[in-house]
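Here are some notes for a colleague who is opening this structure for the first time. Please read them with the sequence and the coordinates side by side.

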Amino acid sequence: MKIVVCIKQVPDTKGGVVFNPDGTLNRGAMLTIMNPDDKAGLEAALRIKDKYGAEVTVVTMGLPKADEVLREALAMGADNAILITDRVLGGADTWATSQTIAGALRKLEYDIIITGRQAIDGDTAQVGPQISEHLGIPVISYAQKIEVEGDSVVVERQFDDRYHVLKAKMPVLITALSELNEPRYMTPGGIFDAYDKEVTVFSRADLVDVDDSNIGLKGSPTQIAKASDKVRKGAGEQVNLSASESVDYILGKLKETHII
């Protein structure tokens, strides 16, 4: 069984956020971590590998420094790593990103593709399902449990206060929730081995069946109109009322804002 896990190096917001003049993130100037949903997806792949036997390949798109997050994945137990990097791919929105990653995945063999539900720097939850559409394979999103049954996967898909149980034949793409599991730590031996392994680098020339009009900033139909740091909330409105008056006041405010 061959599993591909798409991971992303995202800004660690504890270290502050830096924007470029065009509104895109200045990723080279920020501290970074592996996206939490992606890390849970990687752990899910490693557990399948431990239980059934599998080859796990991690793929990321980003700056050359994204090599760091691939090394972390290798230290956790992934077998292979691929970095997709090229100046012409920079500034991509979800459409251009999914087109690029799908173009790289067409060069690989896979039974299962796992992505995170969403990345904490965009929170769109679009890239995983878009990749499945580009590749023409089924997708199961919001996975909170994954099992393998023969040539199929059985997934518990989170839905409000309950879950769906879905079964799909491979190849299939699954988007994972951070609540899916508790990712393992890197081992000292794994860290040493990770830095001895070779990371394969893909450039624009390595992408299969991807048009130039669908990559990078120029191929991104979504444009950032404005970006800023989080706006601090004001002190709010303070009132001094009796208990019954407070109830009427709160209900009035909820009706004003159409919450009730």
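1. Thr 57 stands opposite Asn 80, a residue of strand β5. The model in which this pairing is seen is a predicted one, and the points below should be read with that in mind. Strand β4, covering residues 55-61, and strand β5, covering residues 80-84, run parallel and are joined by 5 bridges. Helix α2, made of residues 67-76, packs on the sheet and touches both β4 and β5, while its direction makes about 165° with that of β5.

2. On the sheet as a whole, it is an open one of 9 strands with mixed pairing, and the strands follow the order β9-β8-β7-β10-β6-β1-β4-β5-β11. The edges are taken by β9 (162-169) and β11 (200-202), and each of these has a single partner strand, so one side of each is left without a neighbour in the sheet. From one strand to the next, the twist averages 30°.

3. Which strand holds Cys 6, and what surrounds this residue? Cys 6 belongs to strand β1, and its relative accessibility is 6%; because buried means under 20%, Cys 6 counts as buried. Apart from neighbours within four places in sequence, Cys 6 is in contact with Asp 38, Val 59, Ile 101, Leu 105, Ile 113, Ile 114, Thr 115, Gly 116 and Ile 131. A further pair to look at is Cys 6 with Thr 175, which are 169 residues apart in sequence, yet their C-alpha atoms are 9.7 Å apart in space.

4. Helix α3 (residues 94-105) and helix α4 (residues 127-135) have axes that come within 9 Å and cross at roughly 50°; the two helices are therefore oblique to each other. To the contact α3 contributes Thr 94, Trp 95, Thr 97, Ser 98, Gln 99, Ile 101, Ala 102 and Leu 105, whereas α4 contributes Val 127, Gln 130, Ile 131, His 134 and Leu 135. The crossing of α3 and α4 is right-handed.

5. Several residues of α4 are buried, namely Gly 128, Gln 130, Ile 131, Ser 132, His 134 and Leu 135. In general, an α-helix has 3.6 residues a turn, so residues three or four places apart point the same way. The cover over the buried residues of α4 includes helix α3 together with the strands β1 (2-6), β6 (112-116), β7 (139-149) and β10 (172-176). After α4 comes Gly 136, whose phi is positive, near 70°.

6. Leaving out residues up to four places away in sequence, Thr 100 touches Met 61, Ile 84, Leu 89, Leu 207 and Ile 215.

7. Arg 87 is placed in the loop between β5 and α3. With a relative accessibility of 83%, Arg 87 counts as exposed, because that term applies over 50%. Arg 87 and Arg 204 are 117 residues apart in sequence, and from C-alpha to C-alpha they are 8.8 Å apart in space.

Notes
Residues are numbered from 1 along each chain as its sequence is written. This is a predicted model: local features need pLDDT of at least 70, side-chain atom pairs count only at pLDDT 80 or more; totals for chains, interfaces and linings use all residues. Side-chain values use heavy atoms; hydrogens and water are left out. Axes are lines fitted to C-alpha atoms, for helices over the stretch in contact, and angles run from 0 to 180 degrees between N-to-C directions. Helices (H or I, at least four residues) and strands (E, at least two) are DSSP runs, numbered from the N terminus. Angles under 35 degrees count as roughly parallel, over 145 as roughly antiparallel, 65 to 115 as roughly perpendicular and the rest as oblique. A crossing is left-handed if the near helix is turned anticlockwise from the far one by less than a right angle, and right-handed if clockwise. Contact means heavy atoms within 4.5 Å. Two strands pair if DSSP finds at least two bridges between them. Buried means under 20% relative accessible area, exposed over 50%, partly exposed in between (1.4 Å probe, protein chains only).
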